[in-house]
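Please walk through the structure below with the paragraphs that follow.

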Amino acid sequence: MRQPLPADMFDELCPSSLNPIRFGDKWAALIIRCLEGGPRRFSELRVPLRRVTPKVLTRSLRALERDGLVTRAVRAGRASHVEYELTPLGRSMLGPIEAACTWTARHWDELLDARESYDSRQDR
């Protein structure tokens with residue numbers, strides 16, 4: 001049995017929220033990180049990605065599938081369900097995503113200061 005994804009996997013102070021490096025759309029890197037441990041159902045992905053609307057999550061998953069990073073499989077059984085899983089190409093994104101998150105964590109204060117400075121100039 002696989003472990004559930006933690007609800008606070010991407011909390012407010014997660015470096016991903018400030019990461020200026022994008023992989024696909026805004027949510028793609030987070031989805032890829034959620035699938036790192038193996039296949040997940042849509043409802044499982046919704047737990048740590050609670051800030052994403054179901055419509056946007058579906059759109060992001062479809063874009064990742066189109067790019068060959070994620071597969072979508074319908075699992076038959078008593079109650080059929082859909083699972084999403086990283087492809088080998090998708091799994092190869094884990095290293096660059098980790099590097100981007102590490103860089104963001106290292107430069108967190110600088111990024112926050114730059115954004116605050118910019119925002120204060122825009123308020124004038």
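The side chain of Thr87 reaches the backbone nitrogen of Gly90 at 3.0 Å, a polar contact in the sense of a pair of N or O atoms within 3.5 Å, where within protein one must be able to donate a hydrogen and the other to accept it, and residues adjacent in sequence count only if both atoms are side-chain atoms. Thr87 lies in the loop between strand E3 (81-86) and helix H4 (88-91); helices (H or I, at least four residues) and strands (E, at least two) are DSSP runs, numbered from the N terminus. With a relative accessibility of 11%, Thr87 counts as buried. Here buried means under 20% relative accessible area, exposed over 50%, and partly exposed in between (1.4 Å probe, protein chains only). Apart from its neighbours within four places in sequence, Thr87 is in contact with Gly68, Leu69, Val70 and Thr71, contact meaning heavy atoms within 4.5 Å.

This is a predicted model, in which local features need pLDDT of at least 70 and side-chain atom pairs count only at pLDDT 80 or more, while totals for chains, interfaces and linings use all residues. Residues are numbered from 1 along each chain as its sequence is written, and side-chain values use heavy atoms, with hydrogens and water left out.

A polar atom of the Thr104 side chain lies 2.9 Å from the backbone oxygen of Ala100.

Next come the charged pairs. Side chains of opposite charge can pair when their charged atoms come close. The structure holds four salt bridges, each defined as a side-chain nitrogen of Lys or Arg within 4 Å of a carboxyl oxygen of Asp or Glu. In the one between Glu83 and Arg75, the N to O distance is 3.0 Å. Glu83 is buried, with a relative accessible area of 12%, whereas Arg75 is partly exposed at 33%. Glu44 pairs with Arg40, and their closest N and O atoms are 3.1 Å apart; Glu44 and Arg40 are both buried. Between Glu36 and Arg33 the closest N and O atoms are 3.6 Å apart. Glu36 has a relative accessible area of 37% and is partly exposed, and Arg33, at 23%, counts as partly exposed too. Salt bridges link Arg33, Glu36 and Glu98 in a network.

Now to helix packing. Helix H5 (residues 94-106) packs with helix H6 (residues 108-122) at an angle of about 70 degrees, the axes being 4 Å apart. Axes are lines fitted to C-alpha atoms, for helices over the stretch in contact, and angles run from 0 to 180 degrees between N-to-C directions. H5 and H6 are therefore roughly perpendicular to each other, given that angles under 35 degrees count as roughly parallel, over 145 as roughly antiparallel, 65 to 115 as roughly perpendicular and the rest as oblique. H5 contributes Trp103, Thr104, Ala105 and Arg106 to the contact, and H6 contributes Trp108, Glu110 and Leu111.

Finally, the whole chain. The protein chain has six helices and three strands, in the order α-β-α-α-β-β-α-α-α along the sequence. Of its 124 residues, 34% count as buried. Among contacts between residues at least 6 apart in sequence, 63% join residues at least 24 apart.
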